[in-house]
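Please examine the sequence and the structure shown below.

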Amino acid sequence: TEQTLVLIKPDGVQRGVIGEVISRIERKGLTLAALELRTVPTEIAAEHYAEHAERPFFGSLLEFITSGPVVAAVVEGPRAIAAFRQLAGGTDPVEKATPGTIRGDFGLETQFNLVHGSDSPESAAREIGLWFPALRS
Ligand code: ATP
């Protein structure tokens with residue numbers, strides 16, 4: 001079994017799709033190992049998105065992620081990382097995500113793409129350690 005770090009970003013919380021996203025995770029057969037609503041300090045957001053530090057959208061991404069509460073979750077199951085990324089759909093909700101995915105069904109703009117899921121076992125371990133230090137492996 002595998003674990004992945006999932007975030008429902010402030011736009012998802014604001015749009016009222018927390019239940020919808022969690023429902024899709026559960027219907028897929030994945031389970032929740034941790035789940036919490038919280039407002040992210042800028043330092044944690046910057047660490048989470050450290051790989052994008054040099055990108056032009058970094059500042060606005062941090063502003064967005066810290067703009068309101070997010071749901072942080074550790075999601076577990078066989079191939080959980082790939083399975084959640086399948087549920088999420090591609091980064092751009094219109095050009096990449098297809099209907100039937102979370103982003104494809106609810107998103108319009110790349111920045112406001114509702115959810116985050118770790119993209120590799122290394123990212124998952126790093127991100128779970130960052131968001132849920134008590135679960136650090
Ligand atoms: P994926 O790994 O599938 O691309 P992701 O969510 O990890 O999904 P990243 O490319 O890592 O996407 O980018 C992180 C986040 O930064 C995106 O989810 C999105 O919110 C934001 N973002 C990415 N590209 C842009 C962009 N060109 N303009 C504005 N925001 C962006």
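R85 counts as partly exposed because 17 C-beta neighbours lie inside 10 Å; a residue is buried with 20 or more other C-beta atoms within 10 Å of its own, exposed with 12 or fewer, and partly exposed in between, with C-beta atoms placed from the backbone. The model is predicted: local features need pLDDT of at least 70, side-chain atom pairs count only at pLDDT 80 or more, and totals for chains, interfaces and linings use all residues. Residues are numbered from 1 along each chain as its sequence is written.

R85 is part of helix α5, residues 80–88. Helices (H or I, at least four residues) and strands (E, at least two) are DSSP runs, numbered from the N terminus. Leaving aside residues up to four places away in sequence, R85 touches G117 and D119; contact requires C-beta atoms, placed from the backbone, within 7 Å.

An unreviewed UniProt entry lists R85 under "binding site", together with K9, F57, T91, R103 and N113. Such annotations may be inferred rather than shown by experiment. F57 belongs to the loop between α3 (42–48) and α4 (58–65).

| Residue | C-beta neighbours inside 10 Å | Class |
|---|---|---|
| F57 | 12 neighbours | exposed |
| R85 | 17 neighbours | partly exposed |

Strand β1 (residues 2–8) and β4 run antiparallel and are joined by three bridges; two strands pair if DSSP finds at least two bridges between them. The open sheet has four strands in the order β2-β3-β1-β4, with antiparallel pairing. Its edge strands, β2 (31–38) and β4 (115–117), each pair on one side only.

Technical notes. Contact = placed C-beta atoms within 7 Å.
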